[in-house]
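Here is a briefing on one predicted protein model. Look over the sequence and the fold before reading on.

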Amino acid sequence: MSTVSFQSKQLFFDRHVVIDAVGKANARNLSKAGAFIRRAARSSLRRRRRVSLPGTPPSVHSHDPVASLKNIWFVFDPASRSVVVGPLKLNGPVRLRGSNRTTVPALHELGGVAAIREGPRRRRRERLATYPKRPFMGPAMLRELPRFPGLWANSVK
């Protein structure tokens with residue numbers, strides 16, 4: 001799973017660079033596929049106080065319209081000429097056990113152990129936080145996958 005950053009605005013499907021790269025019909029269909037996956041992922045996330053069970057989509061605790069797992073974008077990936085759908089990358093990566101780095105949405109999707117820094121600068125301490133798998137992007141794509149062939153059925157006339 002990947003996260004989308006603010007620099008990715010140049011790869012939105014209404015930009016001429018994207019339309020020129022894949023063609024008008026293909027850009028429209030990739031955009032629809034991304035929108036279907038985004039809608040399915042957002043609707044699987046519930047706003048509630050309690051923590052979701054492992055194996056189910058994570059609960060959303062934030063009411064901020066930007067800093068939330070529900071802030072999901074989709075953009076064109078020029079390398080694979082496809083659509084990338086994922087939560088917006090907001091702040092720096094979290095340090096994983098073993099010095100690898102990842103983001104909180106990726107930890108929810110794939111699970112793992114991360115080092116969390118707490119406290120003021122002078123008294124900062126680290127603790128390990130375990131994230132069980134709570135996938136929401138992969139299941140959203142699998143749920144919408146049967147719709148994709150119909151998008152391209154009559155796209156070229």
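How many helices and strands does the secondary structure of the protein chain come to? The chain has five helices and eight strands, where helices (H or I, at least four residues) and strands (E, at least two) are DSSP runs numbered from the N terminus. This is a predicted model, in which local features need pLDDT of at least 70, side-chain atom pairs count only at pLDDT 80 or more, and totals for chains, interfaces and linings use all residues. Residues are numbered from 1 along each chain as its sequence is written, and side-chain values use heavy atoms, with hydrogens and water left out.

**Overall fold**

- Along the sequence, the pattern reads α-α-β-β-β-β-β-β-α-β-β-α-α.
- Buried residues make up 36% of the 157 residues in the protein chain. Buried means under 20% relative accessible area, exposed means over 50%, and partly exposed lies in between (1.4 Å probe, protein chains only).
- Take the contacts between residues at least 6 apart in sequence: 55% of them join residues at least 24 apart. A contact means heavy atoms within 4.5 Å.

**Helix 2**

- Helix 2 covers residues 24–44, which is 21 residues. At 1.5 Å a residue it should span 30 Å, and its end C-alpha atoms are 31 Å apart, which agrees. The expected span is 1.5 Å times one less than the number of residues.
- Its buried residues are Ala25, Ala27, Asn29, Leu30, Ala33, Gly34, Phe36, Ile37, Ala40, Ala41 and Ser44.
- An α-helix has 3.6 residues a turn, so residues three or four places apart point the same way.
- Alanine 33 belongs to helix 2. Its relative accessibility is 3%, so it counts as buried.
- Beyond its neighbours within four places in sequence, alanine 33 contacts Phe148 and Leu151.
- Alanine 33 and serine 82 are 49 residues apart in sequence, yet 10.0 Å apart in space, C-alpha to C-alpha.

**Nonpolar core**

- The largest nonpolar core has 19 residues. Such a core is a set of buried Ala, Val, Leu, Ile, Met, Phe, Trp, Tyr and Cys residues joined through side-chain atoms within 4.5 Å.
- Ile37, Ala41, Ile72, Val85, Phe136 and Met137 touch the most other members of this core.
- Helix 2, strand 3, strand 4, helix 4 (137–144) and helix 5 (148–151) each supply at least two residues of it. Helix 2 gives the most, with six residues.
- Isoleucine 37 touches Val85, Met137, Ala140, Met141, Glu144 and Phe148, leaving out residues up to four places away in sequence.

- Leucine 151 sits in helix 5. It counts as buried at 15% relative accessibility.
- Leucine 151 touches Asn29, Lys32, Ala33 and Phe36, not counting residues up to four places away in sequence.
- Leucine 151 and alanine 25 are 126 residues apart in sequence and 9.7 Å apart in space, C-alpha to C-alpha.
- Arginine 147 lies over the face of phenylalanine 36, at 4.0 Å from the ring centre. The rule asks for NZ of Lys or CZ of Arg within 6 Å of the ring centre and within 35 degrees of the ring normal.

- Strands pair if DSSP finds at least two bridges between them.
- Isoleucine 72 stands opposite proline 87 in strand 4.
- Five of the six residues of strand 3 are buried, so this strand is largely enclosed by the rest of the structure.
- The hairpin has four residues between the strands. Among them, arginine 81 takes a positive phi of about 55° although it is not a glycine.
- Arginine 81 is partly exposed, with a relative accessible area of 46%.
- Proline 87 is buried at 1% relative accessibility. Proline 87 and arginine 42 are 45 residues apart in sequence and 9.6 Å apart in space, C-alpha to C-alpha.

**Strands 7 and 8**

- Strand 7 (residues 112–118) and strand 8 (residues 125–131) pair in the antiparallel sense over seven bridges.
- Alanine 114 has alanine 129 in strand 8 as its bridge partner.
- Six residues lie between the strands of this hairpin, and glycine 119 in the turn has a positive phi of about 90°.
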